[in-house]
Amino acid sequence: MRAAVLREGAVEARVIDDPVPGPGQLLARSLACGICASDIHFMDHLEAGVDDDSGMSTYDRDVDIVMGHEYCAEVVDYGPGTERRIPVGARVSSLPVLSTPTGRKIIGQNPESPGGFGEYLLLDEAMTRVAVSELPNEIVCIADAVSVGLSAASRAQVTTKEVPLVIGCGAIALSVIAQLKRLGVGPILAVDFVASRREIALAMGADVVIDPAEVSPYQAWRDVAYGTPEAMRELMAVAGLPGCVVFECVGIPGVLDSIIKGCERNTRIFSVGGPPEGDHLHTLTAKRKGINIQFGGGPSMQHWDEAFAAVGSGDLDVTPMLGRTVGLDDVAEALNASRDANGPVRIVVVP
């Protein structure tokens, strides 16, 4: 098959062997696959793969790896021991995890679990879902990204006495915003330096957008949540001040620490970003403020299914997130373009 292959830190399109489905696996043809920031983090940070003792993510510069974990695909064949409940030709997607003889692997982050930046990939039959939708492949494939933000927003269980603040307006943050809106939470504040990203945040459901180059996000949050000094005093006397729930969706060192230093006391932080190189946090400040930090984690199967259904039905409209599509020969350029915060939220590879 042809694939955009990561090797020795570079990506190039060439011909490699077709993957062969093992027990419980399906062989699928990749129809569309989104480029995610975690693809870039993976290829740029060899040390993160070395330090991962779970075995789910393995980056070896000396072997071929086909990335891409946000895919819409078509079932082509079955491996041994499969139930064959999904017919050949069905359009599908899945939580990007593959069960192998050596354990569970993230699809697109191991030599034995090739992703959607190639013509064919392997799926775990038990986790594969049929796309009951007439929407284009390019939209269906974004459901996996949506599942991460949807899961974070759902797990946060934001109450009517809390006001959410979303830091960053990439795909995951936009999905957080969309799910908060679906849950009836508000007002929703979104923060990004890039004007085009702020516009997309509004399209996805944000009520207030903030340029941190012009105003502190935390002061802007206070202005919205507390209002005038008179209104603040009335809140304190009658119902108590609203609480703050921050969703950190940037993944750059220093951002989480800046939230700890800038946010209100007793803030709840959901950190979905996670810089591969790690971070330094002022834990004493967090302790004194009584801050509760919940670190990401992938979506549950339930939340993934919910996101897949919401995107496929059009109940959660992801079209504002879509950028251009590229073929396999242009994946390397598209990965570089995805590093630009001024670029589209999602570039989609169509093998």
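Q: Is W304 buried or exposed?
A: W304 is buried, at 0% relative accessibility. Keep in mind that this is a predicted model.

Q: Which ring does W304 pair with, and how far apart are the centres?
A: W304 pairs with F308, and the ring centres are 4.9 Å apart. Their planes make 25 degrees, so the pair is stacked.

Q: What cut-off makes that stacked?
A: Planes under 30 degrees apart count as stacked.

Q: Where do the two sit in the chain?
A: Both are in helix α11, four residues apart. That separates W304 and F308 by about one helical turn.

Q: And F308, buried or exposed?
A: F308 is buried, with a relative accessible area of 10%.

Q: How many aromatic pairs are there in the whole structure?
A: Four, from a search of the whole structure. Another of interest is F42 with Y59. Their ring centres are 5.1 Å apart and the planes are at 35 degrees, so that pair is tilted.

Q: What does the F42 and Y59 pair tie together?
A: F42 is in helix α1, residues 37–44. Y59 is in the loop between α2 (46–51) and β4 (65–66). So the pair ties together parts that are 17 residues apart in sequence.

Q: What are the relative accessible areas of F42 and Y59?
A: F42 has 7% and is buried. Y59 has 5% and is buried too.

Q: Back to W304. S94 is on its contact list, so what else does S94 touch?
A: Besides W304, S94 touches Y71, I107, L123, M127, T128 and D144, leaving out residues up to four places away in sequence. The S94 side chain also makes a polar contact with the side chain of Y71, at 2.6 Å.

Q: Which element holds S94, and is S94 buried or exposed?
A: S94 is in strand β6, residues 91–94. S94 is buried, with a relative accessible area of 1%.

Q: New topic: cores. Which residues touch the most other members in the largest nonpolar one?
A: V166, L174, I177, L180 and F247, out of 51 residues. Elements giving two or more residues to this core include β3 (25–34), α4 (143–156), β14 (243–248) and α11 (301–313). The largest share comes from α5, with eight residues.

Q: What does L174 touch?
A: Leaving out residues up to four places away in sequence, L174 touches C169, I200, A201, M204, M321 and V345.

Q: What about a second core?
A: A second, separate core has 40 residues. Among them are M1, A4, I35 and I86.

Q: Now sheets. What is the strand order in the six-stranded one?
A: The order is β13-β12-β11-β14-β15-β16, in an open sheet with parallel pairing. The edge strands are β13 (208–210) and β16 (292–295), each pairing on one side only. Neighbouring strands are turned by 20 degrees against each other on average, direction ignored.

Q: How many bridges join β11 to β12?
A: Three, between β11 (residues 162–167) and β12 (residues 189–191), which run parallel. L165 stands opposite L189 in β12.

Q: Which strands does helix α7 touch?
A: Helix α7, residues 217–226, packs on the sheet and touches β11, β12, β13 and β14. Its direction makes about 155 degrees with that of β11.

Q: What sits in the loop between β13 and α7?
A: D211 is found there. At 14% relative accessibility, D211 counts as buried. The side chain of D211 reaches the backbone nitrogen of A213 at 2.9 Å.

Q: Last one: what is the order in the three-stranded sheet?
A: It goes β2-β1-β4, an open sheet with antiparallel pairing. β2 (10–15) and β4 stand at the edges with a single partner strand each, so one side of each has no neighbour in the sheet.

Q: How many bridges pair β1 with β4?
A: Two, in the antiparallel sense, with β1 spanning residues 2–7. L6 stands opposite I65 in β4.

Key
Residues numbered from 1 in each chain as written. Predicted model: local features only at pLDDT ≥ 70, side-chain atom pairs only at ≥ 80, totals over all residues. Heavy atoms only, no water. Buried < 20%, exposed > 50% of the residue type's maximum accessible area, 1.4 Å probe, protein only. Polar contact = N/O pair within 3.5 Å; in protein donor to acceptor, adjacent residues only side chain to side chain. Contact = heavy atoms within 4.5 Å. Core = buried A, V, L, I, M, F, W, Y, C linked by side-chain atoms within 4.5 Å. Pairing = 2+ DSSP bridges. Axes fitted to C-alpha atoms, helices over the stretch in contact; angles between N-to-C directions. Phe/Tyr/Trp six-rings, centres within 6.5 Å; stacked < 30°, edge-to-face > 60°.
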